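Subject: Handing over the two-chain model

Hi,

Here is the structure I promised to pass on. Please open it first, and then read my notes below.

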Amino acid sequence: MTQQRITSGELIDEATLTLEELARACSVEAEWVIERIERGLLADGSPYVASWRFTSHDLTRARRICQLERDFEAAPELAALATDLIEENQRLKERLRAAGLIEG
Amino acid sequence: MEFKDYYQVLGVEKTATPDEIKKAYRKLARKFHPDVSKEPDAELRMQEVNEAKAVLADPEKRLAYDQLARQYRSGQDFQPPPDWDAGFEFSGGGFEEADLGEFSDFFANLFGQGGRAGGRRGYQMRGEDRHAKVVIDLEDAYHGATRAITLQVPRLDAQGRVLSREHTLNVRIPKGVKAGQHIRLSGQGGPGMGGGPAGDLFLEIHFTPDPLYRVEGRDVHQRVPVTPWEAALGASIETPTPSGVVKVKVPAGSQSGRRLRLKGRGIPGPEPGDLYVELEVVLPPADTDRARELYETMAQELAFDPRQRRGARP
């Protein structure tokens, strides 16, 4: 039997992403991220760019905003609004699922 | 390899204007948006649509594609003729590796000239980061697991054509992972160019939907059915949980909806979550004479009117 190699990675949140890492993971420039943070569309707790760190949720959110902006040539605020609604929808669906009101 | 009719994918005429192509694309992007679409193969269709748009919305690529398309029908077996793209220079030197990972072989063969175009001396570029979703059971988050992930990896052959190859990775899913959390695998993303380092692969964790559990961060909620006498008199019951069977003490006088917190029994981690057990009182059916008799005895002997407290109106 062949021994299969197992790849281990790092869990984001335990190790957070820097601005550059987040931008690269979204295939955008760092300026794209900075602009959306300054407009209050992406979360970050600190006012100092150098200490900005991003979580898994930030990564998912940034990719979603980026995709909506690109697919529909949407204004960043509109993409963020749609993203807010998608996130809210997912939370509610999760509750409905747990309450047995929807399947899957 | 089959010839792809990108016009058919977008549902537009071959004579469609750039504006019509853009409109058709947006319409489909809305229909197949993976976050809202109810279509079962939304993600796959969205990939096709993105691919078709990448070609038809780019005047140079569209022109080159149109020349080829005159000789082929959709679904027909297809090999790109040598130097089919002679005379065309695709801006940006073909496509990003990340695109190639998500697009079809057909596309990669036609437009995946990144290697050829990117042959500039001394030019180094880090590979693109890639993303994939991994679905695990909630139990896997409690104990850790290993999952095989299969990815399409573009690579260049000796002629500089892009071929796609399947690459399977056995990935350790660490204990304590939450839904929506990412695992970063360094160097497992797109290959670098000119000796540049490879990108990273981000795996986004999803849980298999389970009607028994609701997960919020590391907290897990579950409903547990109990008998009326267990709820009324109190009891020590056993219930299956993601971490195995546990004993739960039901306090006397419990009602349906009462939540009991089992500290630290949620998803493990630096700050382990809690398990919330919500009691659900289930009545035994009155389907035998004896059962009916017991209910009648209760009706006669217990002075109980659940509507009294609410000030029930007639």
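A definition to begin with: two strands pair if DSSP finds at least two bridges between them. Helices (H or I, at least four residues) and strands (E, at least two) are themselves DSSP runs, numbered from the N terminus. This is a predicted model, in which local features need pLDDT of at least 70, side-chain atom pairs count only at pLDDT 80 or more, and totals for chains, interfaces and linings use all residues. Residues are numbered from 1 along each chain as its sequence is written, while chains are lettered from A and ligands numbered from 1 in the order in which they are written.

Strands of chain B

Strand β10 (residues 259-262) of chain B is joined to β11(B) by four bridges, and the two run antiparallel. Here B:Leu262 has B:Leu275 as its bridge partner. On β11 (residues 275-281) there is also a parallel pairing with β7 (residues 219-226) of chain B, through seven bridges. In that pairing, B:Arg223 is partnered with B:Glu278.

Which strands make up the open sheet of four, and in what order? The order is β2(A)-β4(B)-β5(B)-β1(B), with mixed pairing. β2 of chain A and β1 (130-136) of chain B stand at the edges with a single partner strand each, so one side of each is left without a neighbour in the sheet. β1(B) and β5(B) are parallel over seven bridges, with B:Arg130 opposite B:Leu201.

Where the chains meet

Taking contact to mean C-beta atoms, placed from the backbone, within 7 Å, 26 residues of chain B touch 26 residues of chain A. On the chain B side, the elements giving two or more residues are α2 (18-31), β3 (162-173), β4 and β5 (201-207). That side divides into 11 nonpolar, seven polar and eight charged residues. (Ala, Val, Leu, Ile, Met, Phe, Trp, Tyr, Cys and Pro count as nonpolar, Asp, Glu, Lys and Arg as charged, and the others, Gly among them, as polar.)

Chain A and its helix α3

Chain A has four helices and two strands, in the order β-β-α-α-α-α from the N terminus. Its radius of gyration, taken over C-alpha atoms, is 17 Å, well over the 13 Å from the globule rule (2.2 Å times the number of residues to the power 0.38) for 104 residues, so chain A is more spread out than a compact globule.

Just after the helix, A:Glu73 has a positive phi of about 45 degrees.

A:Ala62 touches A:Leu22, A:Cys26, A:Val33 and A:Leu42, leaving aside residues up to four places away in sequence.

Happy exploring!

Note on methods. Contact = placed C-beta atoms within 7 Å.
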